[in-house]
Amino acid sequence: MAIPDHARTNFDTLLRAAADGKLALMECLDAATREPRYVLCAVGRSDDEYVFTPFGHLADGNPYDTYLPPDPADPAGFIAARTA
């Protein structure tokens with residue numbers, strides 16, 4: 001599955017914010033669970049106020065245990081378990 005255009009656009013925006021020194025890590029609460037999340041945000045200005053645009057949160061614990069990577073042998077699949 002190809003990465004959708006909106007995700008690529010958001011990633012490009014995140015890269016520009018990082019290159020410009022306009023990236024922040026904010027502690028927020030998850031709207032559904034009320035658990036703390038550490039959120040990557042682009043920082044902008046609107047008149048005299050700062051605007052923080054959230055892009056996603058950092059994985060809790062070990063991210064290798066949280067995400068399954070794409071399977072290089074199957075373009076439509078993911079690696080189901082870590083290999084030792």
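## Strands and the sheet

Strands, like helices, are runs assigned by DSSP and numbered from the N terminus, a strand having at least two residues. In this structure, which is a predicted model, L25 is found in strand β1.

Three strands make up an open sheet in the order β1-β2-β3, and their pairing is antiparallel. The edge strands are β1 and β3, each of which pairs on one side only, and from one strand to the next the twist averages 45°. Between β1 and β2, which run antiparallel, there are 7 bridges; in one part of this pairing, E27 has Y38 in β2 as its bridge partner.

## A nonpolar patch on the surface

Y38 also belongs to a nonpolar patch on the surface, which it forms with L25 and L58, and together these residues have about 270 Å² of accessible area. L25 counts as exposed because its relative accessibility is 52%, and the cut-off for that class is over 50%.

## Salt bridges around R37

Side chains of opposite charge can pair when their charged atoms come close. In this model the count comes to 2 salt bridges. One of them joins the side chains of R37 and D30, with a distance of 3.4 Å from N to O, and another joins the side chains of R37 and D60, at 2.9 Å from N to O. Taken together, D30, R37 and D60 are linked in a network of salt bridges.

## Two loop residues with positive phi

Which residue in the loop between β1 (23–29) and β2 (36–46) deserves a careful look? R34 is found there, and R34 has a positive phi of about 65° although it is not a glycine. With a relative accessible area of 56%, R34 is exposed.

The loop between β2 and β3 (49–57) holds D47, which is likewise not a glycine and yet has a positive phi, in this case of about 60°. D47 counts as exposed, at 74% relative accessibility.

Conventions. Residues numbered from 1 in each chain as written. Predicted model: local features only at pLDDT ≥ 70, side-chain atom pairs only at ≥ 80, totals over all residues. Heavy atoms only, no water. Helix = DSSP H or I, 4+ residues; strand = E, 2+ residues; numbered from the N terminus. Buried < 20%, exposed > 50% of the residue type's maximum accessible area, 1.4 Å probe, protein only. Pairing = 2+ DSSP bridges. Axes fitted to C-alpha atoms, helices over the stretch in contact; angles between N-to-C directions. Patch = residues over 30% accessible without salt bridge, like charges linked within 9 Å, V, L, I, M, F, W, Y side chains within 5 Å. Areas by Shrake-Rupley, 256 points an atom, 1.4 Å probe, with all protein chains shown as cover. Salt bridge = Lys/Arg side-chain N within 4 Å of Asp/Glu carboxyl O.
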